[in-house]
Amino acid sequence: MIKVLINGCNGKMGQEVSKAVFQTPDIEVLCGVDRIDTGDNTFPVFTDIENINLIPDVIIDFSLPVATFNILKFAEKHKIPTVIATTGFSDDEIKEIENYSHSFPIFRSANMSYEINLMARIVDELAKKLPDSDIEIVETHHNRKVDSPSGTALLLADSINNALNNTMEYEYNRHEKHEKRKKNEIGIHSIRGGNEVGKHSVIFFGNDESLTITHNVNSRAVFANGSVKAALFVVHKDAGLYNMNDMF
Ligand SMILES: NC(=O)c1ccc[n+]([C@@H]2O[C@H](COP(=O)([O-])OP(=O)(O)OC[C@H]3O[C@@H](n4cnc5c(N)ncnc54)[C@H](O)[C@@H]3O)[C@@H](O)[C@H]2O)c1
């Protein structure tokens, strides 16, 4: 039986992950880590990483960047394969995660849905086939989300940018400027409200026509199930950085 530690176990996603683990054979929750212990979990919860006295086989992290780095120190000490689903990292923090992956396996994806990762491949192809289009990304999430744009919007933008030989610039804040959009820009727009779990559209504007690809998630279970699959994938891997493309 593979034993998992859930970092951010009392968050919306942490709770979904514990349900997903419960429904998956050959894996169980050993313990959780969170700022708050609600007392509602069926597994021990540590509010201070220094007090963890159980060593899991794998870690699943849905928390905040600061909490991710706390758990990475613990993971490095014990060489525990780790799935990072948290978003909102700076470029320097992403490099730091890469450095950690030299000493133990890390799986990181800003979106644990297979279909979003398929969408990334499709928009990459479309960007190459529609080189004259103006590309805009619109993402919508619930009103509690702290980072913007979403990690997934950046994942989609990076996929398009790679396909176009990294020639694109990202524009997040057009309203402060009084100038026309540039040809080599990807506009990225964030909408926040209600309970929206996550919606991403990539729009390719041509002359007199446009093509929109949209992905919509109705349940957090999609991400939780994806993260459990990632944990089962990474648990026996060698040190290195893995993502959804390695898994599928
Ligand atoms: N990769 C994906 O597919 C995917 C999908 C959904 C959400 N996310 C990301 O996962 C993260 C969590 O999302 P959520 O909706 O569950 O948020 P949430 O706010 O409901 O949960 C975050 C949890 O982390 C805990 N936490 C905060 N600081 C901590 C610390 N220092 N130590 C330990 N625990 C701490 C909080 O108490 C909370 O329980 C976000 O970054 C979100 O963008 C990723």
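Pro149 sits in the loop that joins E7 to H5. Its peptide bond with Ser148 is cis, with omega near 0°. The letters H and E mark DSSP runs: helices (H or I, at least four residues) and strands (E, at least two), numbered from the N terminus.

The model is predicted: local features need pLDDT of at least 70, side-chain atom pairs count only at pLDDT 80 or more, and totals for chains, interfaces and linings use all residues. Residue numbers start from 1 along each chain, following the sequence as written.

## Two domains

The domain assignment gives domain 1 (2-112 + 221-247) and domain 2 (114-217). Such bounds come from an automatic or database domain assignment. The centres of the two domains, taken over C-alpha atoms, are 27 Å apart.

How many residues of domain 1 are in contact with domain 2? There are 8, and they meet 11 residues of domain 2. Contact here means that two C-beta atoms, placed from the backbone, lie within 7 Å. On the domain 1 side, helix H6 (221-234) and H7 each supply at least two residues. That side has 3 nonpolar residues, 5 polar ones and no charged ones. In these classes, Ala, Val, Leu, Ile, Met, Phe, Trp, Tyr, Cys and Pro are nonpolar; Asp, Glu, Lys and Arg are charged; the others, Gly among them, are polar.

## Helix H6

The expected span is 1.5 Å times one less than the number of residues.

Of those 14 residues, 10 are buried, so H6 is largely enclosed by the rest of the structure. Buried means that 20 or more other C-beta atoms lie within 10 Å of a residue's own; exposed means 12 or fewer, and partly exposed is in between, with C-beta atoms placed from the backbone. The buried residues of H6 include Val222, Phe223, Ala224 and Asn225. Gly226, Ser227, Val228, Ala230, Ala231 and Val234 are also buried.

Helix H4 (residues 114-129) has 16 residues and should span 22 Å at 1.5 Å a residue; its ends are 23 Å apart, C-alpha to C-alpha, which agrees. Which residues of H4 are buried? They are Ile116, Asn117, Met119, Ala120, Val123 and Ala127. Seen down the axis of H4, these buried residues fall within an arc of 150°, so they line one face of the helix. The arc is that of the directions from the helix axis to the C-beta atoms. An α-helix has 3.6 residues a turn, so residues three or four places apart point the same way.

The face turned away from the buried side carries the exposed residues Glu125, Lys128 and Lys129. What covers the buried residues of H4 includes strand E7 (134-141), helix H5 (151-163) and strand E10 (198-205). Strand E11 (210-217) and helix H7 (244-247) also belong to this cover.

## Inside H5: Ala153

Ala153 is in helix H5. Is Ala153 buried or exposed? Ala153 is buried, because 27 other C-beta atoms lie within 10 Å. Leaving aside neighbours within four places in sequence, Ala153 is in contact with Ile137, Glu139, Ile188 and His200. Ile137 and Ala153 are 16 residues apart in sequence, and their C-alpha atoms are 6.8 Å apart.

## Loop residues

Lys79 lies in the loop between H2 and strand E5 (82-84). Lys79 is not a glycine, yet its phi is positive, at about 55°. Lys79 counts as exposed, with 11 C-beta neighbours inside 10 Å. Asn165 is in the loop between H5 and strand E8 (169-171). Asn165 also has a positive phi, near 55°, and is not a glycine. With 7 other C-beta atoms within 10 Å, Asn165 is exposed.

Arg181 is in the loop between E8 and strand E9 (185-192). Arg181 counts as partly exposed, as it has 14 C-beta neighbours inside 10 Å. Beyond neighbours within four places in sequence, Arg181 is in contact with Asp134 and Gly187. Arg181 and Asn216 are 35 residues apart in sequence and 27 Å apart in space, C-alpha to C-alpha.
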